[in-house]
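Here's a quick briefing to read alongside the model.

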Amino acid sequence: MLHNQIKTDIKQCYANLSAQLDHFIPRRAQNYLVAEIAKTLAGEYHAKNRMLVAEAGTGIGKSLSYLLGCIPYALFNNKKVLIATATVALQEQLIHKDLPLFAQIFPKEFSFILAKGRQRYCCSHKLEASCSGQDDGQLALWQEKPKKSDLSLLKRMLTAWQQNKWDGDRDSWPTVIPDRVWQQIVSDKHSCHSGMAKHRHCPFAKAREHLDKADVVIANHALLMADLELGGGIILPEPEQTIYAIDEAHHLPQVARDFSAAAASLKGASNWLEKLNQSVSKLAELADLQKSGRFQTTLQESIQHLVPTLRQLSSQVDPAVFSKDGSYRFPHGELPAWLAEEAQGCRDASKKARQSLAKIHEMITERLKDDEVTARSAEPALSESGFYLQRLENLEKVWTLMAQPDKDKGAPLARWLEKSPEQEGDYIVQVSPLEIGYRLDQLLWSRAAGAILVSATLRALNQFSYFCRQAGIQENEGARFLALASPFDYQNNGRLVIPQMKYEPQADQFTDLLIETLPEYLEGETASLVLFASYWQMNKVAEAIRPQCEKNGWALLVQGEESRTSLLEKHKSHCEQGKVSVLFGTGSFSEGLDLPGHLLRNLIITKIPFAVPTSPVEEAHAEYIESRGGNPFLQIAVPEASKKLIQSVGRLLRKEQDFGRVVLLDRRVITRRYGKALLDSLPPFKRVIEHAIERKR
């Protein structure tokens, strides 16, 4: 049961919120969501499975809801709160707006911090070594000879760090740090750890100290998955002691799948393995040859197996089997017998290589601690071996997955080859799971002290089932599900217009029809956003109607011609000045784009956002569903299109007083059997379905 003290704290927060904010209006749906979060975490619905999955429409105030529901409960029960988001924009909103406000209204003190992965921090010792010019090992790891500007940048960064004007966070440096520079100084888990004096006060070590003390941690989905893949509690708080508030939760399954995938090139890997082979003797000598000799031998034998094997594999690949996009997928994830056998050999050799190098690395570390070797000789060696250890870990993961036999239950792995864009005649070996739900359940849901998943779009076709399958959530095992409608007055403030169109989007003539039709639906509107299915179609339409826009005095802003930030600033400026502004964008503009009030009155969607299953993973997933007698279009494409269409339509009304119209130029929502389900999943706009006689205005 929910303790009375927690109830009191939540009520006090509401009272303080009303006093803090002018014109504060309590929202019934928000109050309900807060109560359901708190009761779920207290075990009132299920003693063990304390999980709530909530779709909360725009305007409810999701962020404040989970802060109000999670933090009082967590602090009272001595738990941590981990907020995971998918976008930087939401992280910034939480850090700079929502949490500072909550700190003002909450009757108790608490601390919060933004967590970042190790790779966002520099290693101060590596930075110093790179600037000293004495670190031959460090310089050898440059892919190309460093430029004068690179060395100058490193020196400025070192000075700023030494003068406490920079905290070592890549994101806080005032200019963009090129990847080639950052790779030389980035903190890594092998050579940068607080057990070594030189690294005790490195930027990541300092950040980790603050992280351990914070009550509320904000991270992104990728960092959450990185921690869970390491076992949980390595970077972030331990799952068993953590309440998870996962915002933008519809992104989590895809992030989880990406984290479980792996890729490595054939020739590229053999090249760096040869470089490692040249360094083995030097590393083993620093580790003490008497003790490290057998590991040196195993490492070199493993490399001598891997290098010729990888080169031979690249020569055995038939270029003729590749598709136009440069990929070849193994049907049903099944490898030919010869490749399956080679995969097992590469798996075993890469594992032995990684284990042997790790032992040598460990020995050098111990000798450095015991003052048996100098820091000047050991530190570059540790940096170099740490670099190769990370590459060996990835190589081992790739070949372990390639060699892994498929299980009797569940989907097989997708396995494919891609032509390397960097080296002629080289191929990238790729492996990815098709379904990741079981992994999320194993790593997170079964361990968490509580989990609250929220998003504006979690349902597909008005059901949670599709998301639950993706995320590994059992609908009938205690999890709580809520679908809370937006407080907006869609009936009176918005219209959904479906024009009569001569062609459907798959017709060859559809692009020309868009060129002919769009100006009609832009006419008389002050602020428009047009969402396209592809860059190609968007650019062709933009090129064709730009002269007409210029003639009418309309400002046409096209995604890709400038940065997203620059385009939105120009659009806002035009609207403020009373000019007609038209934004053209693709799918990435259908989510996370906030154009409230007069910044958007007219939203035009050119087609239902069906994803074409062109990636090897999508093709493999469709193949798997078909093999089980299913229909991938109805089971994957339609639910995904439903979510994306809801997200697209959600760009129009961002605040309660907003109004405008959505124009959907795809008649398939009327003419196809699945269309009604797509329409019924959209907000309840007033619908205007045009017929041929109504086309002329």
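Strand 2 (residues 80-85) and strand 5 run parallel, joined by 5 bridges; strands here are DSSP E runs of at least two residues and helices are H or I runs of at least four, numbered from the N terminus. Two strands count as paired if DSSP finds at least two bridges between them. Keep in mind that this is a predicted model, where local features need pLDDT of at least 70 and side-chain atom pairs count only at pLDDT 80 or more, while totals for chains, interfaces and linings use all residues. Residues are numbered from 1 along each chain as its sequence is written, and side-chain values use heavy atoms, with hydrogens and water left out.

**Around strand 5**

- Lys-80 has Thr-242 in strand 5 as its bridge partner.
- Strand 5 also runs parallel to strand 10, with 4 bridges joining them, and Ile-243 stands opposite Gly-450 in strand 10.
- Strand 5 (residues 242-246) is largely enclosed by the rest of the structure, because 5 of its 5 residues are buried. Buried means under 20% relative accessible area, exposed means over 50%, and partly exposed is in between (1.4 Å probe, protein chains only).
- Thr-242, Tyr-244 and Ile-246 point one way from the strand, Ile-243 and Ala-245 point the other way, and all are buried.

- Strand 13 (residues 527-531) and strand 15 (residues 580-585) run parallel with 5 bridges, and Ala-527 has Ser-581 in strand 15 as its bridge partner.
- Contact means heavy atoms within 4.5 Å; axes are lines fitted to C-alpha atoms, for helices over the stretch in contact, and angles run from 0 to 180 degrees between N-to-C directions.

**Helix 22 against helix 23**

- Helix 22 (residues 616-627) and helix 23 (residues 632-649) pack at about 140 degrees, with axes 9 Å apart.
- His-621, Ala-622, Ile-625 and Glu-626 on the helix 22 side meet Pro-632, Gln-635 and Ile-636 of helix 23.

**Nonpolar cores**

- The largest nonpolar core has 50 residues, and Leu-273, Ile-364, Trp-399 and Met-402 touch the most other members. A nonpolar core is a set of buried Ala, Val, Leu, Ile, Met, Phe, Trp, Tyr and Cys residues joined through side-chain atoms within 4.5 Å.
- Helix 15 gives the largest share of this core, 12 residues.
- Another core, of 44 residues, lies apart from it; Val-34, Ala-38, Tyr-73 and Val-454 are among its members.

**Two positive phi values**

- Most residues other than glycine have a negative phi.
- Asp-371, in the loop between helix 14 and helix 15, has a positive phi near 60 degrees. Asp-371 is exposed, with a relative accessible area of 68%.
- Asn-462 sits in the loop between strand 10 (450-455) and helix 17 (465-471), with a positive phi of about 70 degrees. Asn-462 counts as partly exposed, at 30% relative accessibility.
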